[in-house]
Amino acid sequence: MYVKESAEIGGRELTIEMGKLARQADGAAVITYGETSVLVTAVMEREPKDVPFLPLTVDYREYTYAGGRIPGGFFKREGRPTEREVLTARMTDRPIRPLFPDGYSHETQVIGLVLSADGENRPDIHCITGASTALYCSQIPFTTPIATVRVGLIDGDLVLNPTVQQLEESDLDLVITSRRDSVVMIEGGANEVSEELIVEAMEFAQPAINTLIDLQQRIYDQIQPAKREVLAEPLDPAVIERTESAIGGAIHEALGIVDKIERRDAISQLKKEFLTGLTEEEAEHRSDYSEAAYYLVKSYTRKGVLTEGFRRDGRAFDEVRPITCEVGVAPRVHGSAVFTRGETQAFVSTTLGTSDDAAKVEHYEGESWKKFMLHYNFPPFSVGEARFMRGPGRREIGHGALAERAIVPVLPDEDDFPYVLRTVSDILESNGSSSMATVCGATLSLMDAGVPIVAPVAGVSMGLMKEGDDIAVLSDIAGEEDHYGDMDLKVTGTPKGITALQMDIKVEGLSREIFATALDQAKKNRMHILRKMSEAISEPRAETSEYAPRIISIKVPVDRIRDIIGPGGRVIRGIQEDTGCRLNVEDDGTVQIAATSGEAGLAARAIVEGLTAEAEVGKIYWGKVRSIKDFGAFVEILPGTDGLLHISEVADHHVKDVREHVSEGDELAVKVTNIDDRDRIRLSLKAMTSEERDLTEEQVAAL
């Protein structure tokens, strides 16, 4: 059955179609906005899996054909997912995952595929709405539709679904996903905006989200899919009672152990001994008893917060764990810091590079160069585990991207600080909020490296536990509070405002009132963390590390670039060999000189300036006589630039033969008296004073 519904969103028509493409999938929706189209499919395996978790996979691909391009490289086809594809897949997964029913264990896959990209409308948000449509309007037991929009801030006004061009001018890039009555996910970056504006943006987005949900409902009413039933079998109360009577008290006591590893090992040992001691009849239901032990740990943790009003580590709900900061910990690294908060610790380094070190990024829009990279690593020893170390996974990519987004708004302008920057966070210990420790550590290491950031950035993770009317908003959540809680809201910012935020929830929705409370609490925590960071380093160092390259950036006329390069690159290679510097010449005439010492950089700069300098009327130059004619001498005053010293300008008196005064190869000071409209340069000795004629080469250079 083919169904098509449309509505106006942000001044443009958005269309959802089902029943035309990918008809063998359980659900397949095509969302078109402008000339951007995204196909999103959902498929569920027919038999459930015996697993205690939701086996959901989300993938997203942006093939270059969508933008009318052929990919680069030898093979001319796309390889592993790009960072942007991974981030969009994660952003799609997070809001739909909590909305599947309890007990659902069918292998389910959602795939988003960009069919067409107009370069004006970003396809990522439509993947989320498309996933909701494909799931809701299929037999898959997904019964709560959601929708997503993007909100920008241009000249103080909120803008719905800003174009790519508008986003370049926007102070806000906020992706909001909601049900009809409550928000389920938020992710975005901002240029130091207020908490109040974020809440205002949520309210601004909701009418458009409701319109998109109405579209899905109209499609659902026409298709009327027969939803598969999910029979969730709750734990037998007798099993819970038996487990609690056996080890409940011991678990409660073990949860009071402060050290994370000791606490984990103690609970694991209790569970192991309990399961080993089961009777033969009870052992047939071993998995139920194991699940009951997990239930007790979760229940006691939540009960302590919601009913008894305390956290296991003794902190107040709005209290941040103890913080220590140290900078300059690795002497050969350009900038380094260790940020420790409770049992979470990040070693963060910053490396300064040249434009040759920029990362090449290829998307359907074309190629671009990335000059700031923040990478996040999570080695297994950080949580006391031993396992294989592979390449970065989705978690590492996601956490790194969030931290990078948090730092970008405070980076200096490239003209003022022409370095390529790479910041790496290695998590050495982890017990919650390692991405926020990365943000704090990144700020410290950038300042230690002498990067003139606009303002320091700190981050904090906020949690939530909610059962009925009992609500607790928790600051700086530890690992168990994240695992057993209902929300993970990460907020980063400067003293002035928010630079990035990301919210994941496990409950079906979150009211704006609770969200506003969490933002306000996060602001107070952020200010506290910033004060602690300032005790280690209060402002960027005045000088970069002695081991960092010295970069000198100058601008030359575009038509003089050839003089720096030379035939076959001979001139630029010669400069690099003579000075030991690296030169990078861009198409706009920007020349970056990377040197290991200031002296070498200045020498290379002098050569480049000499090669590209242009003569100025009234200025004295040190020149060399290249040839002599009856009417005068041609003198090279700049590399490749000659001027005519006419016979009438050689002396104050009449000169019969120029050769009586100068010879080929002579070096002397001359003054430029005229440059005509054909760029012909006239030189003079007569126009100079006797003192000027006697100047040496060094004296001329100093003028």
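In strand β10, V183 is the bridge partner of S178. The model is predicted.

Strand β9 covers residues 172–178. How many of its residues are buried? The count is 7 of 7, and the strand is mostly covered. The side chains split into two sets. L172, L174, I176 and S178 point one way. D173, V175 and T177 point the other way. Both sets are buried.

β9 pairs with strand β10, residues 183–193, through 7 bridges. These two strands run antiparallel. A hairpin of 4 residues links β9 to β10. Strand β7, residues 147–154, also pairs with β9. Its sense is antiparallel, over 6 bridges. Here T148 stands opposite T177 of β9.

**The barrel**

Elsewhere in the numbering, 5 strands form a closed barrel. Their order is β25-β26-β27-β29-β28, and the pairing is mixed. From one strand to the next, the twist averages 55°.

Which residue of β27 is the bridge partner of G632? It is H646.

**Antiparallel pairs side by side**

| Strand pair | Bridges | Bridge partners |
|---|---|---|
| β9 and β10 | 7 bridges | S178 and V183 |

Technical notes
Residues numbered from 1 in each chain as written. Predicted model: local features only at pLDDT ≥ 70, side-chain atom pairs only at ≥ 80, totals over all residues. Heavy atoms only, no water. Pairing = 2+ DSSP bridges. Axes fitted to C-alpha atoms, helices over the stretch in contact; angles between N-to-C directions. Buried < 20%, exposed > 50% of the residue type's maximum accessible area, 1.4 Å probe, protein only.
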